[in-house]
Each structure stands twice: as C-alpha cells, then as structure tokens.
Amino acid sequence: MTGWALPAAACGEERDGGMDDNDSEKGIVLTDEQKRRRRSRSIAIALALCALVLLFYLVTIIKLSPAGWWRLL
C-alpha cells in the first residue's frame, strides 16, 4: 500500500518528546489565578450538566405520564 505511513513507534524508532534533560520534572505549573479559574469553570460545567440531566429526566417523566403535563400540576 503506497501513501500510508506508520508511526515512528511502530517502526521501532525513538521519538523526541520535545523536552530536554534540563526541563523541569513538574511540567506546567499553574498560578493560583489559573487554578481558581479552572475550578470555577469546572463548577459551571458540572452545574450545566446537572441541569441538562434534570431537564431530560423531567421531559421523560412528562412524556411517559398518561395525562402529560396535567398530571404534574
């Protein structure tokens, strides 16, 4: 098959990870501001997901109920 290339790891070649021996072992270190923003973003995503699950649950209950909306009121 022409035109297909195997990844370097499949050919037994070593790949350069882009990091030198002098690079920090820790990797990327976030500042306190970045950690705060990440936490806020995670909480917002969790709340949005919970709201979506609740919406799907309510719609399912309403659709499965024999009287529809009136049964819940």
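Here is a short tour, one stop at a time.

**Before you click.** This is a predicted model, so residues are numbered from 1 along each chain as its sequence is written, local features need pLDDT of at least 70, and side-chain atom pairs count only at pLDDT 80 or more. Totals for chains, interfaces and linings use all residues, while side-chain values use heavy atoms, with hydrogens and water left out.

**Stop 1: the whole protein.** Show everything as a cartoon. You'll find 2 helices and 0 strands; both are DSSP runs, numbered from the N terminus, of at least four residues (H or I) for helices and at least two (E) for strands.

**Stop 2: Glu 33 and its partners.** Select Glu 33, Arg 36 and Arg 37, which are linked in a network of salt bridges. A salt bridge here is a side-chain nitrogen of Lys or Arg within 4 Å of a carboxyl oxygen of Asp or Glu, and the structure holds 2 of them.

- Glu 33 to Arg 36: the closest N and O atoms are 2.6 Å apart. These residues sit 3 apart in helix H1 (residues 32–64), so about one helical turn separates them.
- Glu 33 to Arg 37: here the closest N and O atoms are 3.0 Å apart. Both lie in helix H1, 4 residues apart.

Buried or exposed, where does Arg 37 fall? At 52% relative accessibility, Arg 37 counts as exposed. Glu 33 is partly exposed at 37%, and Arg 36 is partly exposed at 48%.

**Stop 3: a nonpolar patch.** Select Leu 49, Leu 52, Val 53, Leu 55, Phe 56 and Val 59: together they form a nonpolar surface patch with about 560 Å² of accessible area. Patches are made of residues with over 30% relative accessible area and no salt bridge, joining like charges within 9 Å and nonpolar side chains (Val, Leu, Ile, Met, Phe, Trp, Tyr) within 5 Å. Finish on Val 59, which is in helix H1 and is partly exposed at 38%.

Definitions and conventions: Buried < 20%, exposed > 50% of the residue type's maximum accessible area, 1.4 Å probe, protein only. Areas by Shrake-Rupley, 256 points an atom, 1.4 Å probe, with all protein chains shown as cover.
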